[in-house]
Amino acid sequence: METVRLSGALLRRRETAMELLGEALELPDWWGRNLDALYDCLTQPGCAARLVVEGRRDVEETAFGRRLLRVLKDAAEENPHLELELE
């Protein structure tokens, strides 16, 4: 299982986070770059990864960051091949 490390400081804003997640998770070009599309991609069969968010508190400081963490948690609960670690 691939480990993907993500900087919490870069996940605070939607535009930056969506770009970073798309690249880090190698999401398809057609993905919608929004939280619903992210959830859909992370819960697809074949999606397997260990996501490590470094700097959880940085993410939690913004409303978008809190929503993003909820989506990541929900996707990890839905997909048994997706692990989420918050540091």
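User: What do the buried residues of α1 pack against?
Analyst: In this predicted model, the buried residues of α1 pack against β1 (3-7), α2 (35-42) and α4 (63-78), where contact means heavy atoms within 4.5 Å. Helices (H or I, at least four residues) and strands (E, at least two) are DSSP runs, numbered from the N terminus.

User: Which residues of α1 are buried?
Analyst: Helix α1 covers residues 14-24, and Ala17, Met18, Leu21 and Gly22 are buried there, buried being under 20% relative accessible area with a 1.4 Å probe and protein chains only. Seen down the axis of α1, these residues fall within an arc of 125°, so they line one face of the helix; the arc is that of the directions from the helix axis to the C-beta atoms.

User: OK, the core. How many residues are in the largest nonpolar one?
Analyst: The largest nonpolar core has 26 residues, and Met18, Leu38 and Leu68 are those with the most contacts inside it; such a core is a set of buried Ala, Val, Leu, Ile, Met, Phe, Trp, Tyr and Cys residues joined through side-chain atoms within 4.5 Å. At least two residues of this core come from each of β1, α1, α2, β2 (49-54) and α4, and α4 gives the most, with 6 residues.

User: What is Leu68 in contact with?
Analyst: Leaving aside its neighbours within four places in sequence, Leu68 is in contact with Leu11, Ala17, Met18, Leu21, Leu35 and Leu38.

User: Switching to the sheet: what order are the strands in?
Analyst: The open sheet has 3 strands in the order β1-β2-β3, with parallel pairing, and two strands pair if DSSP finds at least two bridges between them. Its edge strands are β1 and β3 (82-86), each pairing on one side only.

User: How many bridges join β1 to β2?
Analyst: There are 5 bridges joining these parallel strands, and Thr3 stands opposite Arg50 in β2.

User: How confident is the predictor?
Analyst: The mean pLDDT of the chain is 95, and 100% of its residues reach 70 or more, pLDDT being the predictor's confidence in each residue, from 0 to 100. Local features need pLDDT of at least 70, side-chain atom pairs count only at pLDDT 80 or more, and totals for chains, interfaces and linings use all residues. Residues are numbered from 1 along each chain as its sequence is written, and side-chain values use heavy atoms, with hydrogens and water left out.

Key. Buried means under 20% relative accessible area, exposed over 50%, partly exposed in between (1.4 Å probe, protein chains only).
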